[in-house]
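These are notes for a colleague who is opening this structure for the first time. Please keep the sequence and the 3D view at hand while reading.

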Amino acid sequence: MSDRAQEMILRIPSDFRYLGAVDAAVQDLAREFAFAPDAVNDMSTALIEACSNAIEHGNRYAKDKRVTVTLRFNGDAFTALVRDQGRGFDFEAALRQPHPPDPMSERGRGLLIMKAFTDSMRYTRSRDGLCCELIKRRSGDLEGQEWSAD
Amino acid sequence: MKITQREVGNAVILDLNGKLQGGADADTFREVFKSLVDQGKKNVIVNLEKVSWINSTGLGILISGYTSVRRAGGDLVVMRASDRIESILYVTKLNLLFKSYEAEDEALKAFSATASE
């Protein structure tokens, strides 16, 4: 398995209705690479949050902008890159917010979910927009996580 | 997301079907809860059995509903959440806000106890 690798690229409109397609792609690809179902669900949960952020805060639902999702499997890890085409959001400020937020707050849990369900979460900014990288390792659990913004 | 509404005892059960993810769902959910509160129906059980997943915006929708019925003196509980959704509630500590039940009769008992107090 370790010498196998596969990549899939999805480009979805800036619309929440397409989040289901991302989940389906993750489930299909992960099944092929025999990832444990719980780990696949964890990754999909985090990825849906990253895409939700890209749609809402990055592209701001703009019809002419797309979210590009790159799914990459190798023997030991499942990596997802989520790129938007907008100005992004102030993730540094978001990372400084209390997690979880006030229980009655209707917002502010996305980064917490992304962090909790992956082994590594990282945001990077470029001229083209924000990129979120999520990594779920085959043997990953909820210990020893990395969480950073470059 | 499709919402089917039914009344059992002194509670309203909302059977959700689909993905709880914000967007148009948020408006639909708010309208449903406004209508319920306007009718004096403030004990709500949200059946998540057929909800495949939920994102943070979807959690916000549930919290909005919870706030509406609590202000009216009622409560919102959830039932039949999948392990995937339960783990999201746990990570976000919303398991402390939403009582969660596996069976419908258990959820209904929560409101029966409230009515007899």
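Which residues of α1(A) are buried? The points below start from there, after a word on the model.

The model is predicted: local features need pLDDT of at least 70, side-chain atom pairs count only at pLDDT 80 or more, and totals for chains, interfaces and linings use all residues. Residues are numbered from 1 along each chain as its sequence is written, while chains are lettered from A and ligands numbered from 1 in the order in which they are written.

1. The buried residues of α1(A) are A:Leu19, A:Val22, A:Val26 and A:Ala30. A residue is buried if 20 or more other C-beta atoms lie within 10 Å of its own, exposed if 12 or fewer, and partly exposed in between, with C-beta atoms placed from the backbone. The four cover an arc of only 55° around the axis, which puts them on the same side of α1(A); the arc is that of the directions from the helix axis to the C-beta atoms. On the other side of α1(A), the exposed residues are A:Ala24, A:Asp28, A:Arg31 and A:Glu32.

2. The cover over the buried residues of α1(A) includes β1 (6-13), α2, β2 (66-73) and β3 (77-83) of chain A, together with β2 (11-20) of chain B. The end C-alpha atoms of α1(A) are 21 Å apart, which agrees with the 20 Å that its 14 residues should span at 1.5 Å a residue. The expected span is 1.5 Å times one less than the number of residues in the helix.

3. Chain A as a whole has four helices and six strands. Helices (H or I, at least four residues) and strands (E, at least two) are DSSP runs, numbered from the N terminus. From that end on, the elements of chain A run β-α-α-β-β-α-α-β-β-β. Of the 150 residues in chain A, 37% are buried.

4. After α1(A) comes A:Ala34, which is found in the loop between α1 and α2 of chain A. A:Ala34 is not a glycine, yet its phi is positive, about 55°. Most residues other than glycine have a negative phi. With 10 other C-beta atoms within 10 Å, A:Ala34 is exposed. In chain B, B:Lys93 also has a positive phi, of about 65°, although it is not a glycine. B:Lys93 lies in the loop between α3 (83-91) and β5 (99-101) of chain B and is partly exposed, with 14 other C-beta atoms within 10 Å.

5. How much of α2(A) is buried? Of its 22 residues, 18 are buried, so α2(A) is largely enclosed by the rest of the structure. From first C-alpha to last, α2(A) reaches 30 Å, close to the 32 Å expected at 1.5 Å a residue. A:Arg60, with a positive phi near 50°, follows α2(A).

6. The largest nonpolar core has 66 residues. Such a core is a set of buried Ala, Val, Leu, Ile, Met, Phe, Trp, Tyr and Cys residues joined through C-beta atoms within 7 Å. Residues with the most contacts inside the core include A:Met43, A:Leu47, A:Leu134 and B:Val46. α2(A) gives the most to this core, with ten residues. In soluble globular proteins, nonpolar side chains tend to be buried together.

7. A:Leu47 is in helix α2 of chain A and is buried, with 27 other C-beta atoms within 10 Å. Not counting residues up to four places away in sequence, A:Leu47 touches A:Val22, A:Val26, A:Ala80, A:Val82 and A:Leu134. Contact here means that the C-beta atoms of two residues, placed from the backbone, lie within 7 Å. With the neighbours within four places in sequence left aside, the contacts of A:Leu134 include A:Met43, A:Ala50, A:Met114 and A:Met121.

8. Strands β4 (residues 120-126) and β5 (residues 129-137) of chain A run antiparallel and are joined by seven bridges; two strands pair if DSSP finds at least two bridges between them. A hairpin joins β4(A) to β5(A) through two residues.

9. Between the chains, 20 residues of chain A are in contact with 20 residues of chain B. α2(A) gives the most to the side of chain A that touches chain B, with five residues.
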